[in-house]
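Let's walk through this model together, one question at a time. Keep the structure open beside you as you read.

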Amino acid sequence: MSTEADETCADYADALKDLTINSKPMITSLTMLAQELGAHDVTIACRIGELIERHIRTSSPKAKLCGFYLMDSIATVCYTHLTLPTSD
């Protein structure tokens, strides 16, 4: 990953640290930022997903729920970028 991508992900991680309460404006902001950053770089999109996963795993129960809300928001807004497996 390039230095610019590392810096971008570090900035997102810093913003994610503030997600400790259920704040729709904050979740919307983080969703839009994830969509913008990950739209053109799959590596950054994956890294953002990993950051959110780590946030959920390491946060207090209340903050975990906020992380799940964020993941749901990203999946809802960015659903066109998801590839679902198909059965043959």
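Q: In which helix is Met-26 found?

A: A quick word on the ground rules: this is a predicted model, in which local features need pLDDT of at least 70 and side-chain atom pairs count only at pLDDT 80 or more, while totals for chains, interfaces and linings use all residues. Residues are numbered from 1 along each chain as its sequence is written, and side-chain values use heavy atoms, with hydrogens and water left out. Helices (H or I, at least four residues) and strands (E, at least two) are DSSP runs, numbered from the N terminus. Met-26 is found in helix α2.

Q: Is Met-26 buried, partly exposed or exposed?

A: Buried means under 20% relative accessible area, exposed over 50%, and partly exposed in between (1.4 Å probe, protein chains only). Met-26 has a relative accessibility of 26%, so it counts as partly exposed.

Q: Which residues does Met-26 contact, leaving aside its neighbours within four places in sequence?

A: Contact here means heavy atoms within 4.5 Å. As a distance to keep in mind, Met-26 and Leu-16 are 10 residues apart in sequence and 9.2 Å apart in space, C-alpha to C-alpha. With the sequence neighbours set aside, the contacts of Met-26 are Asp-18 and Leu-19.

Q: How are α1 and α2 oriented relative to each other, parallel or antiparallel?

A: Two packed helices are described by the angle between their axes and the distance between the axes. Axes are lines fitted to C-alpha atoms, for helices over the stretch in contact, and angles run from 0 to 180 degrees between N-to-C directions. For α1 and α2 the angle is about 170°, with the axes 11 Å apart. Angles under 35 degrees count as roughly parallel, over 145 as roughly antiparallel, 65 to 115 as roughly perpendicular and the rest as oblique, so α1 and α2 are roughly antiparallel.

Q: How many nonpolar, polar and charged residues are in the contact of α1 with α2?

A: Thr-8, Tyr-12, Ala-15 and Leu-16 in α1 meet Leu-30, Leu-33, Ala-34 and Leu-37 in α2. Ala, Val, Leu, Ile, Met, Phe, Trp, Tyr, Cys and Pro count as nonpolar, Asp, Glu, Lys and Arg as charged, and the others, Gly among them, as polar. The tally is 7 nonpolar, 1 polar and no charged.

Q: Which residues make the contact between α2 and α3?

A: The axes of α2 (residues 24–38) and α3 (residues 42–58) come within 8 Å and cross at roughly 150°. That makes α2 roughly antiparallel to α3. From α2 come Ala-34, Leu-37 and Gly-38, and from α3 come Val-42, Ile-44, Ala-45 and Ile-48.

Q: Is Thr-31 buried or exposed?

A: Thr-31 has its place in helix α2. Setting aside residues up to four places away in sequence, Thr-31 touches Leu-70, Ser-73, Ile-74 and Val-77. Its relative accessibility is 3%, so Thr-31 counts as buried.

Q: How far apart are the closest N and O atoms of Asp-14 and Lys-17?

A: A salt bridge is a side-chain nitrogen of Lys or Arg within 4 Å of a carboxyl oxygen of Asp or Glu. Asp-14 and Lys-17 both lie in α1 (residues 3–17), 3 residues apart, about one turn of the helix. Asp-14 is partly exposed at 43%, whereas Lys-17 is exposed at 58%. The two form a salt bridge, with the closest N and O atoms apart by 3.6 Å.

Q: How many salt bridges does the count come to?

A: In α3, Glu-50 forms one with Arg-47 at 3.5 Å. Also in α3, Arg-57 and Glu-53 meet in a salt bridge. The count comes to 3.
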